[in-house]
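Biologist: I would like to walk through this model with you. Shall we take it one question at a time?

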Amino acid sequence: MDSSHYLEQYIASLDMVPLALRELLNIESVPCDIYALKNGLFELILIQESSIDKRLLGQILNNSNGALYTLKNEHKKIIKKQQELLRISTRSLSMGNTIENTKKQMNFLTLNMYYLYLDALDNDTLNLQLQSAHTLSKVLMEMMHTHKELYEDYIGQKHHYILAQPVLSSLFLLGLLKNSKTYIDQDIEAFFLASLLKDVGMSFIPTNKFEKNNLTDSDKKQFLRHPQLSIKILNGRTPLRPHHLKIIEHHHAFSDLRSELSQEMQIRLNPSVNVMLGFETLTTTIMDIIAAMLSDRPYRSASTLLESLEFVKKIMFDQFPTEFKLIVQFFKKYYA
Ligand SMILES: [Fe+2]
């Protein structure tokens, strides 16, 4: 490689952002040039306006190992296209086959969550997420009997766990609260939203380090701060009330990481272990733990629903036996 080519590649690497293959799903043509990394060099594989379909995407995946890139400034064209698909999906959720529409909506919404994590301060992306989640929660409450099918389809999509965990835990929470028959739909919707957005603070934390199982004290501390960061990001920008923000603040009350920290470190964190947990905070936390256990991590494989329930029994049964029974009853009724 001559020096001018080397320089060209070096400059290109500064301007490139990675692109998930699923960002190219459901669009008919690419709005910008797409590159793959081959032998350490960027190679143009799709020119702007090229048509794409599933067959072509399959070929691209085989040839690129899924490592795709586009220019930083051009990425927003793809985001715009995908966000338009979410808008259309939100408008037409109840038209035609609602179950299939809802499966798609959950995927579009997950992709938009990725965009929100890329730029958590973007109001358009946040507002789109709020509107889409509002419509989705209404449909989910009307279709309790389809939740298992939706869950299985969603798990099969293999979204990254950082994005999948809040979606799944919110699906479980909505079902559990609806099944408890103690809340009006409007309240359930707000708890669903709080649960969905509770991890947006992760967007400020480099997630690659959480792919490991041997976190340092400082990593753990940083991770345990994400609820506070979520609140800072969301405060005044959503219809969530102080009560919902409190739920977000304490959604890791049972975190293993907290108990592993040295005493001195624990004192410096908000002492949420000592907070009296209300039913909504407790269930948000427990649904989050179950959703986490159901997905693979780079350092462990996924648990079954039964194994997850056995685990949460260990951590909550002594203190919250009635709540635990409600959770088991819910999963037996809708997910068995
Ligand atoms: Fe979290």
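Biologist: At what angle do helix 14 and helix 15 pack?
Modeller: This is a predicted model, where local features need pLDDT of at least 70 and side-chain atom pairs count only at pLDDT 80 or more, while totals for chains, interfaces and linings use all residues. Residues are numbered from 1 along each chain as its sequence is written. Helices (H or I, at least four residues) and strands (E, at least two) are DSSP runs, numbered from the N terminus. Helix 15 covers residues 305-316, its axis is 9 Å from that of helix 14, and the packing angle is about 140°.

Biologist: In which sense does helix 14 pass helix 15, left-handed or right-handed?
Modeller: A crossing is left-handed if the near helix is turned anticlockwise from the far one by less than a right angle, and right-handed if clockwise. For helix 14 passing helix 15, the crossing is right-handed.

Biologist: Which residues in helix 15 meet helix 14?
Modeller: Two residues are in contact if their C-beta atoms, placed from the backbone, lie within 7 Å. Helix 14 brings Ile286, Ile289, Ile290 and Met293. Its partners in helix 15 are Glu307, Ser308, Phe311, Val312 and Met316.

Biologist: By class, what residues has the contact of helix 14 with helix 15?
Modeller: Ala, Val, Leu, Ile, Met, Phe, Trp, Tyr, Cys and Pro count as nonpolar, Asp, Glu, Lys and Arg as charged, and the others, Gly among them, as polar. The contact of helix 14 with helix 15 holds seven nonpolar, one polar and one charged.

Biologist: How are helix 7 and helix 14 set to each other?
Modeller: Axes are lines fitted to C-alpha atoms, for helices over the stretch in contact, and angles run from 0 to 180 degrees between N-to-C directions. The axes of helix 7 (residues 161-180) and helix 14 (residues 279-293) come within 8 Å and cross at roughly 130°. Angles under 35 degrees count as roughly parallel, over 145 as roughly antiparallel, 65 to 115 as roughly perpendicular and the rest as oblique. Helix 7 and helix 14 are therefore oblique.

Biologist: Which residue in the hairpin of strand 2 and strand 3 takes a positive phi?
Modeller: Strand 2 (residues 34-38) pairs with strand 3 over five bridges, in the antiparallel sense. Two residues lie between the strands of this hairpin. The positive phi, near 50°, belongs to asparagine 39.

Biologist: Is leucine 111 buried or exposed?
Modeller: A residue is buried if 20 or more other C-beta atoms lie within 10 Å of its own, exposed if 12 or fewer, and partly exposed in between; C-beta atoms are placed from the backbone. Leucine 111 sits in helix 4 (residues 98-118). It has 21 other C-beta atoms within 10 Å, so leucine 111 is buried.

Biologist: How far apart in space are leucine 111 and histidine 159?
Modeller: In sequence, 48 residues separate leucine 111 and histidine 159. C-alpha to C-alpha, the separation in space is 8.8 Å.

Conventions. Two strands pair if DSSP finds at least two bridges between them.
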